[in-house]
Amino acid sequence: MELLAKSGFIGYVLLLLSIVTLAVFFERVFVLNRFYKQVKKQGFKKELIQTIREIEDKTPEVIENLLSLKGAKIIAECERRVSFIKLASSIAPLLGLLGTVIGMIEAFHNVAGSGYSVNPAQLADGIWTALLTTAEGLCVAIPAYFGYFYLSGIIDKIELALKEDMEEVLIEVYSDRVQKKEK
């Protein structure tokens, strides 16, 4: 806690950012892993066929567009809040840099206020704050960056399963239509 207090306001902001990022990450891991397990068991075929039955009389292009829209909505729901983790991985080093600048300003302000007699302890105090906030920013950013790519990997697997099921359903629909026309 002493180090956090030494890093000042920016340190507390980074602590809050890390807590929120961690909470969002664990929530998304839980939701996406559960959803992916469900997708592996059931797939999307039932849902896609249900959508097609509602619009059976439409042209193939309209059906494809509506299925694509349905798929986009599913993926958008999966990606919800994941962009926050990416934002946290980008903003944390900037907050650390801001703390660095504030620490250096403080150090040089202390030196300037002391006149001609420079006390190394005054300079070191500001630099200490600067280095702490830099390290804190990186300690938030690096795990957030890895977390973002971990979640993106799960979303990619879900999206691939969705596309595969979409193709299979469209092939079934088109082959049924061709068979009906031949009769």
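**Chat: a nonpolar patch on a helical model**

Author: Leu-87, Ile-91, Leu-94, Leu-97, Val-101 and Ile-105 make a nonpolar surface patch of about 540 Å². This is a predicted model: local features need pLDDT of at least 70, side-chain atom pairs count only at pLDDT 80 or more, and totals for chains, interfaces and linings use all residues. Residues are numbered from 1 along each chain as its sequence is written, and side-chain values use heavy atoms, with hydrogens and water left out.

Reader: What counts as a patch?

Author: Patch residues have over 30% relative accessible area and no salt bridge; like charges are joined within 9 Å, nonpolar side chains (Val, Leu, Ile, Met, Phe, Trp, Tyr) within 5 Å. A salt bridge is a side-chain nitrogen of Lys or Arg within 4 Å of a carboxyl oxygen of Asp or Glu. Areas come from the Shrake-Rupley method with a 1.4 Å probe; for residues, only the protein chains shown count as cover.

Reader: Take Ile-91. Where is it found?

Author: Ile-91 lies in helix α4, residues 82-113. Helices (H or I, at least four residues) and strands (E, at least two) are DSSP runs, numbered from the N terminus.

Reader: And how does Ile-91 count for accessibility?

Author: Partly exposed, at 34% relative accessibility. Buried means under 20% relative accessible area, exposed over 50%, partly exposed in between (1.4 Å probe, protein chains only).

Reader: Cysteines next. Is Cys-78 buried or exposed?

Author: Cys-78 is buried, at 4% relative accessible area. Cys-139 is exposed, at 58%.

Reader: How many disulfides?

Author: The structure holds 0. A disulfide here is a pair of cysteine sulfur atoms within 2.5 Å.

Reader: What box do the C-alpha atoms fill?

Author: Roughly 100 × 30 × 20 Å, along the principal axes. Glu-79 and Ala-107 are 28 residues apart in sequence and 43 Å apart in space, C-alpha to C-alpha.

Reader: Which element has the lowest mean pLDDT?

Author: Helix α2 (residues 45-54), at 79; helix α1 (residues 2-42) has the highest, 91. pLDDT is the predictor's confidence in each residue, from 0 to 100. The protein's mean is 87, and 93% of its residues reach 70 or more.
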